[in-house]
Amino acid sequence: MNKRICFVSLNNIYLTPYINKYIDLIEEPYDVIYWNRHRMKEDIKAENYYSFNLQIEDTASKAAKLLGYMKFRMFASDVLKKITTTMLFYYKQVLVFC
(Lines give C-alpha, C1' and ligand atoms only; values in the text may rest on other atoms or scores of the structure.)
Protein backbone atom coordinates (compact mmCIF):
# COMPACT_ATOMS: atom_id res chain seq x y z
CA MET A 1 0.00 0.00 0.00
CA ASN A 2 1.37 3.40 -0.95
CA LYS A 3 1.78 5.97 1.76
CA ARG A 4 -0.14 9.18 1.28
CA ILE A 5 0.62 12.33 3.26
CA CYS A 6 -1.56 15.39 3.68
CA PHE A 7 -0.50 18.73 5.15
CA VAL A 8 -3.25 20.96 6.53
CA SER A 9 -2.51 24.61 7.26
CA LEU A 10 -4.65 27.39 8.70
CA ASN A 11 -2.49 29.93 6.86
CA ASN A 12 -1.08 30.61 3.45
CA ILE A 13 1.76 28.23 2.65
CA TYR A 14 4.36 31.02 2.64
CA LEU A 15 3.45 31.65 6.30
CA THR A 16 3.64 27.98 7.30
CA PRO A 17 6.91 27.37 9.14
CA TYR A 18 9.09 24.43 8.14
CA ILE A 19 6.64 22.90 5.67
CA ASN A 20 9.23 22.99 2.88
CA LYS A 21 11.77 21.21 5.10
CA TYR A 22 9.30 18.38 5.69
CA ILE A 23 8.39 18.22 2.02
CA ASP A 24 12.06 17.94 1.08
CA LEU A 25 12.40 14.91 3.39
CA ILE A 26 9.51 12.86 2.05
CA GLU A 27 9.51 10.76 -1.07
CA GLU A 28 5.84 9.84 -1.10
CA PRO A 29 3.16 11.80 -2.93
CA TYR A 30 1.51 14.42 -0.78
CA ASP A 31 -1.47 16.74 -0.77
CA VAL A 32 -1.93 20.16 0.81
CA ILE A 33 -5.08 21.73 2.23
CA TYR A 34 -4.65 25.35 3.21
CA TRP A 35 -6.52 28.54 3.98
CA ASN A 36 -5.63 31.15 1.38
CA ARG A 37 -6.28 34.12 3.65
CA HIS A 38 -4.42 36.61 1.49
CA ARG A 39 -5.94 35.53 -1.83
CA MET A 40 -2.58 35.02 -3.48
CA LYS A 41 -1.21 32.52 -5.98
CA GLU A 42 1.29 30.20 -4.31
CA ASP A 43 3.87 27.89 -5.82
CA ILE A 44 2.77 24.52 -4.48
CA LYS A 45 4.37 21.39 -5.86
CA ALA A 46 1.95 18.98 -4.21
CA GLU A 47 0.29 16.32 -6.28
CA ASN A 48 -3.04 17.85 -5.24
CA TYR A 49 -3.69 21.04 -3.37
CA TYR A 50 -6.95 22.37 -2.04
CA SER A 51 -7.19 26.08 -1.37
CA PHE A 52 -9.89 27.55 0.86
CA ASN A 53 -10.18 31.10 -0.48
CA LEU A 54 -11.60 33.32 2.22
CA GLN A 55 -9.84 36.59 2.88
CA ILE A 56 -9.83 37.63 6.51
CA GLU A 57 -7.83 40.41 8.07
CA ASP A 58 -5.90 40.08 11.32
CA THR A 59 -8.00 42.97 12.65
CA ALA A 60 -11.32 41.20 12.00
CA SER A 61 -13.67 40.70 14.91
CA LYS A 62 -13.51 37.50 16.96
CA ALA A 63 -16.91 36.49 15.61
CA ALA A 64 -15.71 36.90 12.00
CA LYS A 65 -12.57 34.89 12.75
CA LEU A 66 -14.58 32.14 14.44
CA LEU A 67 -16.90 31.93 11.45
CA GLY A 68 -13.88 31.69 9.15
CA TYR A 69 -12.39 28.86 11.23
CA MET A 70 -15.68 26.99 11.16
CA LYS A 71 -15.93 27.35 7.38
CA PHE A 72 -12.33 26.16 6.93
CA ARG A 73 -12.99 23.17 9.18
CA MET A 74 -15.99 22.16 7.08
CA PHE A 75 -13.96 22.62 3.87
CA ALA A 76 -11.01 20.57 5.16
CA SER A 77 -13.30 17.84 6.54
CA ASP A 78 -15.04 17.52 3.17
CA VAL A 79 -11.70 17.26 1.34
CA LEU A 80 -10.33 14.70 3.81
CA LYS A 81 -13.42 12.52 3.33
CA LYS A 82 -12.70 12.42 -0.43
CA ILE A 83 -8.97 11.69 -0.35
CA THR A 84 -7.12 8.75 1.17
CA THR A 85 -4.27 9.60 3.50
CA THR A 86 -2.09 7.50 5.75
CA MET A 87 -0.49 10.46 7.55
CA LEU A 88 -1.93 13.86 8.36
CA PHE A 89 0.09 16.88 9.48
CA TYR A 90 -1.86 19.81 10.86
CA TYR A 91 -0.26 23.25 11.10
CA LYS A 92 -1.12 26.33 13.09
CA GLN A 93 1.94 27.48 14.96
CA VAL A 94 3.12 24.07 16.12
CA LEU A 95 3.28 20.83 14.16
CA VAL A 96 0.92 18.15 15.42
CA PHE A 97 0.99 14.56 14.20
CA CYS A 98 -2.39 12.84 14.06
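I began with a term: a residue is buried if its relative accessible area is under 20%, exposed if over 50%, and partly exposed in between (1.4 Å probe, protein chains only).

**Basis of the entries.** I worked on a predicted model, in which local features need pLDDT of at least 70 and side-chain atom pairs count only at pLDDT 80 or more, while totals for chains, interfaces and linings use all residues. Residues are numbered from 1 along each chain as its sequence is written, and side-chain values use heavy atoms, with hydrogens and water left out.

**Overall layout.** Along the sequence I read the pattern β-α-β-β-α-β-β. Of the 98 residues in the protein, 34% are buried.

**Aromatic rings.** I noted that a pair of aromatic rings is described by the distance of the centres and the angle of the planes. Rings of Phe, Tyr and Trp (its six-membered ring) pair if their centres lie within 6.5 Å; planes under 30 degrees apart count as stacked, over 60 as edge-to-face and the rest as tilted. My search of the whole structure gave seven aromatic pairs. In one of them, Trp-35 and Phe-72 have ring centres 5.8 Å apart and planes at 10 degrees, so the pair is stacked. Trp-35 belongs to strand E2 and Phe-72 to helix H2 (residues 62-82), so this pair ties together parts that are 37 residues apart in sequence. I recorded both Trp-35 and Phe-72 as buried.

I then looked up Phe-52 and Phe-75, whose ring centres are 5.3 Å apart with planes at 35 degrees, so the pair is tilted. Phe-52 is in strand E3 and Phe-75 in helix H2, so parts 23 residues apart in sequence are tied together. Phe-52 counts as buried because its relative accessibility is 12%. Phe-75, at 23%, is partly exposed. Ring pairs link Trp-35, Phe-52, Tyr-69, Phe-72 and Phe-75 into a cluster.

**Asn-12.** I located Asn-12 in the loop between strand E1 (5-9) and helix H1 (19-25). Asn-12 is buried, with a relative accessible area of 0%. Its side chain makes a polar contact of 2.7 Å with the side chain of Asn-36. Such a contact is a pair of N or O atoms within 3.5 Å; within protein, one must be able to donate a hydrogen and the other to accept it, and residues adjacent in sequence count only if both atoms are side-chain atoms.

Key
Helix = DSSP H or I, 4+ residues; strand = E, 2+ residues; numbered from the N terminus.
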